Amino acid sequence: MGAEDYARAESMLEPYRSKAVPGASVVPRWLSDGRRFVYEVGGRYVLVDPATGTRRDAFDHARLAAALSLASGNAVESTDLPVVLLEFEVPGRDEGVVRFVAFGETWEFSGDDGTCERVEGTGPPTRVELVSPDKAWAAFTRGRNIWVRSTDSGEEFALTDDAETEHTYGAMLDWAGIFQWRALGIDPPFVAEWSPDSTRLLTHRLDQRGLPEQVLVESSPAGGGRPVEHRLRYPVPGDERVATMSWVVLDVAARTVVHQQDPPAPIVHTTSLASRWWVGGSVYFLRYARDALTLQMHRLDPATGTSTLIVEETGRTCVDPGASTVEPAQVRVLGSGEVLWWSQRDGWGHLYLYSPDGRAHVQVTSGEWLVRRVLRVDEGARRVWFLANGLDDDPYLRQVCRIDLDGTGFTRLTDDGFDHDTIAPAEGGYLFDRASTVAVPPRSSVLDGDGRVLVELEAPGTAELTARGWAPPERSRVTAADGRLIPIHGLLWRPYGFDPDRSYPVIDHVYPGPMAYRASPAFDAPPFTGGAEALAALGFAVVAVDGRGTAGRSKAFHDHAYRNFSAAGFLVDHIAAIRQLGERHPWLDTSRVGIFGSSGGGYSATRALLAHPEFFTVGVARATPNDIGTYYPYWGERYYGELDDDARRDLDNANLAANLRGKLLLIHGELDDNVLPAQTLRLVDALVKADKDVDMLVVPGAEHLFNGSKHYVLRRTWDYFVRHLHGVEPPGYRLAPLAPSLPV
């Protein structure tokens, strides 16, 4: 094991991996309500017009580089433009004008005459603003109140004036990544949505008054001196009070404030703040019960603040608005007031169409498969396009389908063995498709309503990755540990430089859900992309397994996690999978098995060493909520319900401390406001009392994502597995600092 192995592993991480496959991460920026879009690839900006089937440079890159060089006095290369925050539809400017930030100032480039001029009185944004659809207004927060600015005159005025420290407008919860945003040098975003006619702003009033406080101590503040105390409101499962919210409608012209007339609703997750829509002059929103057993759709009158219940669904286990609760709710409100509703009531995630008053409904989709994502609805044609899981032998492959809203005319538009990560703009009448496998990078294209290609965009290859030693993982299918022939799917990465006559230790790269799945059949699987490949580059065989209880399959499969969170993604299925793979591949050394995970994955990694010490011998757990009973309420109450004493004991890793036999490294950031550092320290306390050896790294100033120190944390993780699974000393190689990650 040498420095060259670490260098190769480093090259598998983001952003190095993406740079080796330019065009694999095409992200459209919709223009004109989505009728056209721009994307960036390899430093070039491309403009696509699906209606005409054209694709061209969004501007003359060489002319912009020359003009910016002349205007700024800095040398600029057309292949490496130092521009950020590009704006392609500048209010009051011709279509060929592009506005951007470069060298700390704002500039406008005219494609017509090739000039670049500094925009006086502007610079990089110093606050988060939400611009209205007509671009006449920009909303922002000041002193916890909502303000707006006229983009024409620059006039600023307040729309609210009664905010308090713990009773604010448009704010995020204290535990929702405040320190993650601070580490990026960015104010936390405020949550609001403009009405389509730009006259009103919908936001929420957040009430955290009287909630229990937790304290984080910043040991090494940037300016030196004494440690700094940070307080945050942080309820836990079983607390009588949690944060609540109510909707507020702000009229810009009248400068009026209309408050929702219903009692405030508990905020069970940040998704509560995003589940709202303006439709036909009304506001529609989802209301989540604290125990997740009831989900409601309401219509709010923005003039009076009164609301009407439209749809209500209850269940014995979690009632979700989509297959993954970390993604937007898969419901749509049509212009007619009808509601397209996602439900697992028949055992699978399907669509139901409700009348505007909610009294009548029809089932739109059906079968032993599920709707993964609603793409677009053509209300005139009474037709919906969507992604479906479960139509293939691999139940995680997403395929593009359509069906009429009366439940007839089901058509599968893709059937090619690729996973389709497809999206659609609000307008435009087309689909933006990224099709990939674990071996083939995303081939991006624009599709029409029949699945035909309108515009080919990018089709990158893997030659540069392969030259570094990369090989794609294998999709695996094994049987669950209960022996009932339930198929369990996953991925297996062979170690780089693979020799079938050698024996390789195994690392389980784990995330247990239950709100997501880990082993995607796609080429990229954020936020996990590159992590397993890096470990394979260090000579490990790496697996990712989606045991029972993870998302993306049937309701029954997902419900294995309900009141069974301590199964940690069904580690018994992981063990069964690794053993079955070992029988197929003699080069897998199933006597040397490690496990790595972060956040919920850290819970699984720690639980693996404590609950299955005969199998897992080395583990690294990062930012781990070791005691779900003292973590924020979402996990415990949503997936367990009311926590009695037995449940609290079952969910706490510390109660298994005496079982530790292997090598365990616990890593935590001292400013983690999502998973508090006490979660790790209390486990260490139990291990000390049990007289067990454990390794711990507390990173000063680090938050949940370890921005600024991620390279160090990764290197320490690699060192630990190299030392204790390979049995050799790691090299003195040091990783370069990594680009920060956005809060999740």
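Which residues make a nonpolar surface patch of about 240 Å²? Leu-681, Met-696 and Val-698 make it.

## Model and conventions

This is a predicted model; local features need pLDDT of at least 70, side-chain atom pairs count only at pLDDT 80 or more, and totals for chains, interfaces and linings use all residues. Residues are numbered from 1 along each chain as its sequence is written, and side-chain values use heavy atoms, with hydrogens and water left out.

## Surface patch

Patch residues have over 30% relative accessible area and no salt bridge; nonpolar side chains (Val, Leu, Ile, Met, Phe, Trp, Tyr) are joined within 5 Å, like charges within 9 Å. Areas come from the Shrake-Rupley method with a 1.4 Å probe, and for residues only the protein chains shown count as cover.

Leu-681 sits in helix H13 (residues 678-689). Helices (H or I, at least four residues) and strands (E, at least two) are DSSP runs, numbered from the N terminus. Leu-681 has a relative accessible area of 44%, so it is partly exposed. Buried means under 20%, exposed over 50%, partly exposed in between (1.4 Å probe, protein chains only).

## Nonpolar cores

A nonpolar core is a set of buried Ala, Val, Leu, Ile, Met, Phe, Trp, Tyr and Cys residues joined through side-chain atoms within 4.5 Å. The largest has 85 residues. Tyr-234, Phe-565, Ile-595, Phe-616 and Trp-635 touch the most other members. Apart from this core lies another, of 45 residues, including Trp-493, Val-542, Val-620 and Val-713.

Take Phe-565. Beyond its neighbours within four places in sequence, Phe-565 is in contact (heavy atoms within 4.5 Å) with Pro-514, Tyr-603, Ile-628, Trp-635, Tyr-639, Tyr-640 and Leu-651.

## Aromatic pairs

The structure holds 33 aromatic pairs. Rings of Phe, Tyr and Trp (its six-membered ring) pair if their centres lie within 6.5 Å; planes under 30 degrees apart count as stacked, over 60 as edge-to-face and the rest as tilted. Tyr-45 and Phe-88 form a tilted pair, because their centres are 6.4 Å apart and their planes stand at 50°. Tyr-45 lies in strand S3 (residues 44-49) and Phe-88 in the loop between strands S5 (84-87) and S6 (97-102), so the pair ties together parts 43 residues apart in sequence. Both Tyr-45 and Phe-88 are buried.

Tyr-504 and Trp-587 pair edge-to-face, 6.4 Å centre to centre with 80° between the planes. Tyr-504 is in strand S39 (residues 504-509) and Trp-587 in the loop between helix H9 (571-584) and strand S41 (588-598), 83 residues apart. Tyr-504 is buried at 1% relative accessibility, and Trp-587 is buried at 6%. Elsewhere, one aromatic cluster includes Trp-175, Phe-565, Tyr-603 and Trp-635.

## Salt bridges

The whole structure has 47 salt bridges. Each is a side-chain nitrogen of Lys or Arg within 4 Å of a carboxyl oxygen of Asp or Glu. Arg-205 bridges to Asp-162, with the closest N and O atoms 3.2 Å apart. Arg-205 lies in strand S15 (residues 200-207) and Asp-162 in the loop between strands S12 (156-158) and S13 (167-169), so this bridge ties together parts 43 residues apart in sequence. Arg-205 is buried at 9% relative accessibility, whereas Asp-162 is partly exposed at 34%.

Arg-398 bridges to Asp-419, with the closest N and O atoms 2.7 Å apart. Arg-398 is in strand S31 (residues 398-404) and Asp-419 in strand S33 (residues 419-423), 21 residues apart. Both Arg-398 and Asp-419 are buried.
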